[in-house]
Structures are given as structure tokens and as C-alpha cells.
Amino acid sequence: MTETRPAGWWSRTLTRLTADDHSIDAAELRADAVSAGCEPVSSCRKGAVVTVTGRLKSVVYTPRETVPTLEAELFDGSGSVTLVWLGRRRIPGIEPGRTLTARGRFAAFDGRQVIYNPRYELISC
């Protein structure tokens with residue numbers, strides 16, 4: 001039987017000093033999501049109404065023949081979900097690097113995880 005003990009101060013410090021920036025950022029985002037009471041993207045299931053929080057990695061306006069869409073990739077440290085607003089070209093405050101909390105029905109489309117027309121709250125840093 002293997003016993004796991006909580007990491008001590010020295011172990012945590014050594015891990016932070018040797019980890020790359022992406023790993024440290026992802027760990028901080030996961031901790032922020034847990035403290036906000038949100039689900040990690042990696043544990044969200046198709047069809048469920050979820051609340052996720054994280055940082056926007058990219059925001060893209062996609063003109064389509066039928067309806068324009070604004071798509072933003074939200075990363076929470078455990079995974080990414082694409083937030084899609086149908087019929088929108090731009091939303092003030094929705095820009096790369098911005099932190100927000102989104103709520104909506106989790107779906108899968110074309111092999112990616114999506115939330116359509118989510119309710120959102122911008123978080124000030």
C-alpha cells in the first residue's frame with residue numbers, strides 16, 4: 001500500500017521553481033475555479049447546465065452565410081470550452097486575456113466542447 005502525504009512547504013516551493021509558466025498558470029486557474037465554486041471544464045458532461053470560470057485565450061468573429069457568430073475559447077486550467085454567441089459581431093469586454101464566469105448548457109459540436117449563448121459575468125482583476 002502506498003501512502004500519500006500532503007506536500008510540504010519545501011516540496012511545493014521546489015515544484016513552483018522547476019515548473020514552466022504554463023503549468024503554474026493552469027494550476028492557478030484551477031484553484032480560482034474551485035474557490036469560485038465552478039465546475040472544471042474537464043469534468044463537464046454533454047447536456048448538463050454548467051458554470052465555468054477561466055481566462056479567454058482567443059476571441060474570433062466568424063461571419064457565416066446565415067448568422068454571424070462570436071466565438072471565444074475559455075481555458076480554466078483543466079481544459080477549454082468554446083463560448084459561442086450567435087448573431088453577435090462584438091461584445092464589449094469579451095477580449096483575449098479577460099477572466100470571466102459563464103453559465104449555460106454544455107454541448108459538443110464538430111469534436112469540440114461548446115456552450116451556446118452563455119450568460120456571463122466579467123471578473124475584474
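Helices (H or I, at least four residues) and strands (E, at least two) were taken as DSSP runs and numbered from the N terminus. The structure is a predicted model, in which local features need pLDDT of at least 70 and side-chain atom pairs count only at pLDDT 80 or more, whereas totals for chains, interfaces and linings use all residues. Residues are numbered from 1 along each chain as its sequence is written, and side-chain values use heavy atoms, with hydrogens and water left out.

The protein contains 2 helices and 6 strands, and their order along the sequence is α-α-β-β-β-β-β-β. Of the 125 residues, 34% are buried; here buried means under 20% relative accessible area, exposed over 50%, and partly exposed in between (1.4 Å probe, protein chains only). With a contact taken as heavy atoms within 4.5 Å, 50% of the contacts between residues at least 6 apart in sequence join residues at least 24 apart. The accessible surface amounts to about 8300 Å², and carbon and sulfur atoms account for 52% of this area.

Tyr-116 is located in strand S5 and is partly exposed, at a relative accessible area of 35%. Together with Leu-86 and Phe-109, Tyr-116 makes a nonpolar surface patch of about 270 Å². Patches consist of residues with over 30% relative accessible area and no salt bridge, where like charges are joined within 9 Å and nonpolar side chains (Val, Leu, Ile, Met, Phe, Trp, Tyr) within 5 Å. A salt bridge is in turn a side-chain nitrogen of Lys or Arg within 4 Å of a carboxyl oxygen of Asp or Glu.

Rings of Phe, Tyr and Trp (its six-membered ring) were paired if their centres lie within 6.5 Å, planes under 30 degrees apart being counted as stacked, over 60 as edge-to-face and the rest as tilted. This rule gives 1 aromatic pair. The pair consists of Trp-85 and Tyr-120 in an edge-to-face arrangement, with 5.6 Å centre to centre and 80 degrees between the planes. Because Trp-85 lies in strand S3 (residues 80-86) and Tyr-120 in strand S6, the pair ties together parts that are 35 residues apart in sequence. Trp-85 is buried at 4% relative accessible area, while Tyr-120 is partly exposed at 33%.

A disulfide was defined as a pair of cysteine sulfur atoms within 2.5 Å, and the count is 0 disulfides. The closest cysteine sulfur to that of Cys-38 belongs to Cys-44 and is 9.4 Å away, which is too far for a bond. Cys-44 is likewise in no disulfide, its nearest cysteine sulfur being that of Cys-38. Cys-38 is buried at 11% relative accessibility, and Cys-44 is buried at 5%.

Conventions:
Accessible areas come from the Shrake-Rupley method with a 1.4 Å probe; for residues, only the protein chains shown count as cover.
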